[in-house]
Amino acid sequence: MELLRGSRDDRALRTAALLRRSHPADKELQLAGLLQDIGQMLRPGDGARHAVLAAEAARPLLGERVARLVRLHAPAGAADGADGPDGDADAVATLRQAREAAAACGPDAGVLEDWRPLLELVAAGARRAAGNATDPLGRPRGSGLGARGAATSSRGRSP
């Protein structure tokens with residue numbers, strides 16, 4: 001959230017808002033629209049790699065699909081697997097169209113804080129998909145419990 005707050009331009013917010021309206025069920029696509037420019041904030045001046053940097057930053061927290069959409073949103077990404085077997089070519093095209101539409105004064109994009117629940121929801125799903133081995137801070141789950149405590153707490157009993 002802090003990184004997103006650092007943006008001076010609300011184009012990403014407008015892109016995400018447009019995607020929320022046009023594709024309300026595709027939460028990952030909406031977040032890709034929101035996160036598309038974080039690479040420029042991570043390493044200013046590295047314009048050629050900003051989409052790759054943004055994808056690398058998003059992958060551990062929000063999963064592979066969000067990272068792939070963020071990476072492929074830039075026109076240079078068109079030849080970088082957008083038509084892969086996962087069928088996200090349409091989503092990439094939609095993301096690009098929303099980004100272009102957001103360049104013009106668009107609808108009220110709301111505020112960044114409106115996106116926190118969705119970020120948390122998708123992050124939780126990505127953790128579950130990854131086997132839920134670590135919490136968002138990277139510590140092993142149950143690190144404060146011994147082996148016996150971890151086994152009993154997983155059954156819903158107290159150690």
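Predicted model: local features only at pLDDT ≥ 70, side-chain atom pairs only at ≥ 80, totals over all residues.
Now to another aspartate, Asp26. Asp26 is found in the loop between helix 2 and helix 3. Asp26 has a relative accessible area of 18%, so it is buried, the cut-off being under 20%. A polar atom of the Asp26 side chain lies 3.1 Å from the backbone nitrogen of Leu29.

Leu29 brings us to helix 3. Of the nine residues of helix 3, seven are buried, so the helix is largely enclosed by the rest of the structure. Those buried residues are Leu29, Gln30, Leu31, Ala32, Gly33, Leu34 and Leu35.

Next is helix 8, residues 116-129. How far apart should its ends be? With 14 residues at 1.5 Å a residue, helix 8 should span 20 Å, and the C-alpha atoms at its ends are 20 Å apart, so the two agree. Buried in helix 8 are Leu118, Leu119, Val122, Ala123, Ala124 and Ala126. What do these buried residues pack against? Their partners are helix 1 (2-5), helix 2 (11-22), helix 3 (27-35), helix 5 (50-62) and helix 6 (64-72). After helix 8 comes Gly131, with a positive phi near 90 degrees.

Last, the largest pocket. Its volume is about 310 Å³. The lining has 16 residues, and those nearest the centre are Met1, Leu35, Leu61, Leu62 and Leu119. Two of these names have come up already: Leu35 is among the buried residues of helix 3, and Leu119 is among those of helix 8. Which helix gives the largest share of the lining? That is helix 8, with six residues. Helix 1, helix 5 and helix 8 each contribute at least two residues to the lining. By type, the lining has 13 nonpolar residues, three charged ones and no polar ones.

That is where I will stop.

Note on methods: Residues numbered from 1 in each chain as written. Heavy atoms only, no water. Helix = DSSP H or I, 4+ residues; strand = E, 2+ residues; numbered from the N terminus. Expected span 1.5 Å × (residues − 1). Buried < 20%, exposed > 50% of the residue type's maximum accessible area, 1.4 Å probe, protein only. Contact = heavy atoms within 4.5 Å. 1 Å grid on protein atoms, 1.4 Å probe; cavity = no way out; pocket = protein on both sides within 12 Å on 5 of 7 lines; lining within 4 Å. Points joined across faces, edges and corners; volume = space filled by probe spheres on them. Nonpolar A, V, L, I, M, F, W, Y, C, P; charged D, E, K, R; others polar. Polar contact = N/O pair within 3.5 Å; in protein donor to acceptor, adjacent residues only side chain to side chain.
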